[in-house]
Amino acid sequence: MNHFTAPVEKMPRTLLSLNGVSFAYGEKFILEGLDWSLMQGDFECVIGRSGCGKSTLLQLLCGLVSPQKGDVVFRGNTLSNPVKEISYVFQKPNLLDWLNVIDNVLLPLKLRGELSTSERANAMQILDLLGISAHADKLTWQLSGGEQSRVAIARALVASPKVLLMDEPFASLDAITREELQVELRNLHDQLGLTTVFVTHDIQEAIYLGDRVRVVKDGHFVHTQDIDFPSLRLPSLKDESLFSNYSNSLRTSLGSPVYSSAACISAQGAMHV
Amino acid sequence: MFNRSFNLFSKFFFKLLCLVFLGLVWEFICKTWQFSSLILPTPIEVFNFLLQALQSGMIHRHIAQTLFEVICGLCLGGGVGFCLGVILGEFPKLKFLIMPYVVASQVVPKLALTPLFILWFGFGTFPVVVMTALICFFPLLENTLTAMEHVDTLKLQLFRMLGASDYQTLIWLKIPHGAPLILAGVRVALVLSWVGAVVAEFMGSSVGLGALIVAGQGSMNTAMIFASLILITLMGWIMYAIVLGIERRALIHYPRRV
């Protein structure tokens, strides 16, 4: 099967949903009564402070953990275990040191007994798309952090998933590599017609990548911000005033102070006095 | 390439130099304090005895016997230790049931068990192999169990996410992830296997380097005792180097932190 044949038609169909989902570690509920519908082709970002349950939310969405209350529904069926159509990219690349790049990428297919010559060719195509096909035979620990993140994304894409869940995958990268990967990810999402949920604590990253940004606080979605930018996004987008408006709105909902240049100048003046 | 060969050669040369120096110190002590050959033979006397024993073929069957016992004991004990480590790692509830007995088998002095083994298994090769296996199964068991218990949680999550079965997780993740630790256990077991075989031969064997040491003691042939000890050391070194080479080859894809 080729990943890159026809342009994907976007259909407004619910693919994955949370219906009144609550999740607790021990006695303490960290997510409560969440309702969420993800349509095919959506790119949604989830932001929130550390420990607010963002990663748990992703684990619920992929069936790694089960909710105490409510249901996670994928294509009309309750999700109780991980399925092939939902891929997960972890915060760390989480690669197997003893395997080379191509074997790491092919791991999902090998474990499912679906490895064929055409799948190997597809894997190479994905590596090519991510700009790391030259490293296919290298061991993963010989790669840079950015290259390892690309391998992790390639591994998530190799089984042709419908949903891609990403848990702060660029958190440990330098600013330039991070920006490169953001551009590549957004392009991949559009090109492959994926439904993507991207968890981050970086407001700028969420606005740049997502079509919608959800804010998690105290176990609930406290704010949902639709991002009205075209699909094809350039890093220069971050300089637009609309971008700042979105950023301020999300900061406010997170309970973080909004700094204006005037406020900074007056604060500096006060310090000099 | 030349530099690497030169480094290897110089390392070997300095090791040899160190050995010669130790031999000279030994010879010097013997000559200075005029020790009797019964107490401390000179290195030359030991070397001569060794040479004669090797030329006459007298010592060959002893070397072969001990080597056989060591290899059999290592394979048996190492195999059982590895398998038990995997089983206890996969079924943690069994660990609390079995581990007290495993520890008990290790804290009991092995020399005290030898008479029992002779009673149960008679004289000869088998009790020595069993004793060697008993000594060298523990490092493999401990290292394998530790490797099974300390697999990266994120990697386990990844395998669950990819729908891997328990067997696939064991073969594709747990064993390769723990390979450096498991192979370190093999090295420790190898060293201990020589101790096990020689000690067991002291008690219930007429062939083998351990039996030769006892014979040397009985016939007051101290050179024979030293020759046996030197052979045990040499063969232990060689086997250790072989296992180290295999380990390096097996772990060639793993990041080295040195």
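The structure is a predicted model, in which local features need pLDDT of at least 70, side-chain atom pairs count only at pLDDT 80 or more, and totals for chains, interfaces and linings use all residues. Residues are numbered from 1 along each chain as its sequence is written, chains are lettered from A in the order in which they are written, and side-chain values use heavy atoms, without hydrogens and water.

In the interface, 19 residues of chain B are in contact with 23 residues of chain A (heavy atoms within 4.5 Å). The buried area, that is, the accessible area (1.4 Å probe) that two parts lose on being put together, summed over both, is about 2,100 Å² between the chains, and carbon and sulfur atoms give 69% of this area. Met161(B), Leu162(B) and Trp172(B) supply 33% of the area that chain B buries against chain A, more than any other three residues.

Over all chains, the structure holds zero disulfides (pairs of cysteine sulfur atoms within 2.5 Å). The sulfur of Cys75(B) is too far for a bond, because the closest cysteine sulfur, in Cys72(B), is 6.9 Å away. Cys75(B) is exposed, with a relative accessible area of 53%, whereas Cys83(B) is partly exposed, at 43% (buried is under 20%, exposed over 50% and partly exposed in between, with a 1.4 Å probe and protein chains only).
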